Amino acid sequence: MKKLENKTVFITGGLSGIGKACAIAAAKEGANIVIADMQSKENETAMAEIKSINAKAIFTECDVSVFTHMQVAIQKTVDAFGSLDVALNNAGIGGEAHKIGDMSEHAWLKVINVNLNGVFNGMHHQLAQMAKQKSGVIVNMASILAKVGFASSAHYVAAKHGVIGLTQTAAIEYAEEGIRVNAICPGFIDSPLLVKGGISENKEVKQLIVSLHPMKRLGKSEEIATGFIFLASNESSFVTGTALEMDGGYLAQ
Ligand SMILES: NC(=O)c1ccc[n+]([C@@H]2O[C@H](COP(=O)([O-])OP(=O)(O)OC[C@H]3O[C@@H](n4cnc5c(N)ncnc54)[C@H](O)[C@@H]3O)[C@@H](O)[C@H]2O)c1
């Protein structure tokens, strides 16, 4: 028996990196997939890859930082498949690196709007639907930087700490309605996000980041997807309000 057979799984930022790996893993477990992402040239290839595993997959263009976009995306999901069983709030950006005194309001708000407000926007509409159903699972993509600080990344660190707060609060608020809410805290993962942040190309910076992990390597998106399947499926039926660390030992130090 597949772990997500006929479940409808909604994933923000599912065209790339960790989100795409989670979509592929969920499709392999028999789920209908809805990808909500900004329109991008990766759309066709990523969607073709997902559909080659399970044809019941659709794309909806959406900016998670816009409240009404999320409302439309959730409505499209329910219209297409009849329910919303699992939501993965994964879309995120890195942002400019500055110390707090040098960080512009614009740089701060850009990251907060996507990485924190985007998760609230998603959860608001997802929880309203799941409360009607009296069932559902939400997984939020946090980070190791949801638990500790990181120089020059105050916007990202604050947003991800906020994601844990949203996760724990929703878990308490909705536990009696049959809804579980958890987060994942990945260490640094070898995904396009690190390319955009200039980490992948810069040998010295990459080596420094690698050295921060006791396992002395970056994680893979597929390794995070295993945690997502655990939290999304009934294997974690007594797990809610947790933030699963998948980080090569980063936070154990
Ligand atoms: N890569 C890492 O090292 C790492 C570590 C810990 C946590 N994370 C988190 O994992 C999540 C996924 O990261 P990734 O490494 O796969 O990044 P990625 O850049 O490969 O993928 C992010 C996806 O989100 C989409 N996206 C960005 N802004 C959006 C918006 N406003 N609305 C809708 N979609 C949007 C992008 O188009 C892209 O498809 C992020 O929340 C990130 O903060 C990443």
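Guide: Helix α4 (residues 105-133) and helix α5 (residues 154-174) have axes that come within 8 Å and cross at roughly 15°, where helices are DSSP runs of H or I with at least four residues, numbered from the N terminus, and axes are lines fitted to C-alpha atoms over the stretch in contact, with angles running from 0 to 180 degrees between N-to-C directions. This is a predicted model, in which local features need pLDDT of at least 70, side-chain atom pairs count only at pLDDT 80 or more, and totals for chains, interfaces and linings use all residues. Residues are numbered from 1 along each chain as its sequence is written.

Because angles under 35 degrees count as roughly parallel, α4 and α5 are roughly parallel to each other. Their crossing is right-handed, the term for a near helix turned clockwise from the far one by less than a right angle.

On the α4 side, the contact is formed by A107, W108, V111, I112, N115, L116, V119, F120, M123, L127 and A131, and these meet H155, Y156, A159, K160, G162, V163, L166, A170 and Y174 of α5, two residues being in contact if their C-beta atoms, placed from the backbone, lie within 7 Å. By class, this contact of α4 with α5 comprises 16 nonpolar, three polar and one charged residues, with Ala, Val, Leu, Ile, Met, Phe, Trp, Tyr, Cys and Pro counted as nonpolar, Asp, Glu, Lys and Arg as charged, and the others, Gly among them, as polar.

For α1 (residues 17-28) and α2 (residues 43-53), the packing angle is about 20° and the axes are 8 Å apart.

Note on methods:
Helices (H or I, at least four residues) and strands (E, at least two) are DSSP runs, numbered from the N terminus. Angles under 35 degrees count as roughly parallel, over 145 as roughly antiparallel, 65 to 115 as roughly perpendicular and the rest as oblique.
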